[in-house]
Amino acid sequence: MTISFDDFLKVQIRKGTVIKAEPFPEAHKPALKVWVDFGSELGVKKTSAQITRHYDITSLIGKPVAGCVNLGARQIGPFLSEFLLLGFDDGKGAISLIAPDHNVPNGKVLS
């Protein structure tokens, strides 16, 4: 499927830093609750992510990440997910998170 460049510009992918993570035992598949600081404009947003094969709570804190922040909220069981944490399937069904190679301020938009 092809989308227009104008449609792509509507998607807000921003850099953030993980500030908190917790187990999410109520999730149907293994997942973590993750809080990310997206800078002064957006502040902290939370999400549920099925990333437990490559990440644990301690390895996530302070990690730079990318998230799509304008999809709207989604209820995941008892937890309200406010953005989509972005990553790639590693070919074995586990997610590897996207992060910039260099220091980028929180809240910067993918360009």
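Modeller: Happy to! A nonpolar core here is a set of buried Ala, Val, Leu, Ile, Met, Phe, Trp, Tyr and Cys residues joined through side-chain atoms within 4.5 Å. Please keep in mind that this is a predicted model.

With that in hand, the largest nonpolar core has 15 residues. Val-34, Val-36, Ile-51, Leu-60, Leu-85 and Leu-97 are the ones with the most contacts inside this core. Two elements, strand S1 (13-23) and strand S2 (32-37), are those that give two or more residues to the core. The largest share comes from S2, which supplies three residues. There is also a second, separate core of five residues, and among its members are Phe-24, Ala-31, Trp-35 and Phe-79.

Let's start with Val-34. Setting aside residues up to four places away in sequence, Val-34 touches Val-18, Lys-20, Ala-21, Lys-45, Lys-46, Thr-47, Ile-51 and Leu-60. Two of these partners, Ile-51 and Leu-60, were already named among the residues with the most contacts inside the largest core.

Leu-97 counts as buried because its relative accessible area is 9%, and the cut-off for buried is under 20%. Beyond its neighbours within four places in sequence, Leu-97 is in contact with Ile-51, Tyr-55, Leu-60, Lys-63, Val-65, Leu-85, Leu-86 and Gly-87.

Lys-46 lies in strand S3, residues 44-49. With a relative accessible area of 23%, Lys-46 is partly exposed. Leaving out neighbours within four places in sequence, its contacts are Val-34, Trp-35, Phe-79, Leu-80, Ser-81, Glu-82 and Phe-83. The C-alpha atoms of Lys-46 and Ala-73 are separated by 9.7 Å, although the two residues are 27 apart along the chain.

Another lysine, Lys-15, is found in strand S1. Lys-15 counts as buried, at 11% relative accessibility. Apart from neighbours within four places in sequence, its contacts are Phe-38, Pro-64, Val-65, Pro-100, Val-104, Pro-105, Asn-106, Gly-107 and Lys-108. Lys-15 and Ile-3 are 12 residues apart in sequence, and their C-alpha atoms are 23 Å apart.

For contrast, look at Leu-9 in helix H1, residues 5-10. Leu-9 is exposed, with a relative accessible area of 53%. Its C-alpha atom is separated by 22 Å from that of Asp-37, which is 28 residues away along the chain.

Finally, let's step back to the whole chain. The chain holds three helices and nine strands, and from the N terminus their order is α-β-β-α-β-α-β-β-β-β-β-β. A compact globule of 111 residues would have a radius of gyration near 13 Å, and the chain agrees with this at 14 Å. Along the principal axes, the C-alpha trace spans about 40 × 35 × 30 Å. Buried residues make up 33% of the chain. Among contacts with a separation of 6 or more, 56% are between residues 24 or more positions apart. The accessible surface comes to about 7,100 Å², and carbon and sulfur atoms hold 55% of it. As for charge, the 13 positive and 11 negative charges have mean positions 2 Å apart.

Note on methods. Residues numbered from 1 in each chain as written. Predicted model: local features only at pLDDT ≥ 70, side-chain atom pairs only at ≥ 80, totals over all residues. Heavy atoms only, no water. Helix = DSSP H or I, 4+ residues; strand = E, 2+ residues; numbered from the N terminus. Rg over C-alpha atoms; globule rule 2.2 N^0.38 Å. Buried < 20%, exposed > 50% of the residue type's maximum accessible area, 1.4 Å probe, protein only. Contact = heavy atoms within 4.5 Å. Areas by Shrake-Rupley, 256 points an atom, 1.4 Å probe, with all protein chains shown as cover. Lys, Arg positive; Asp, Glu negative; His and termini not counted. Charge placed at Lys NZ, Arg CZ, Asp CG, Glu CD.
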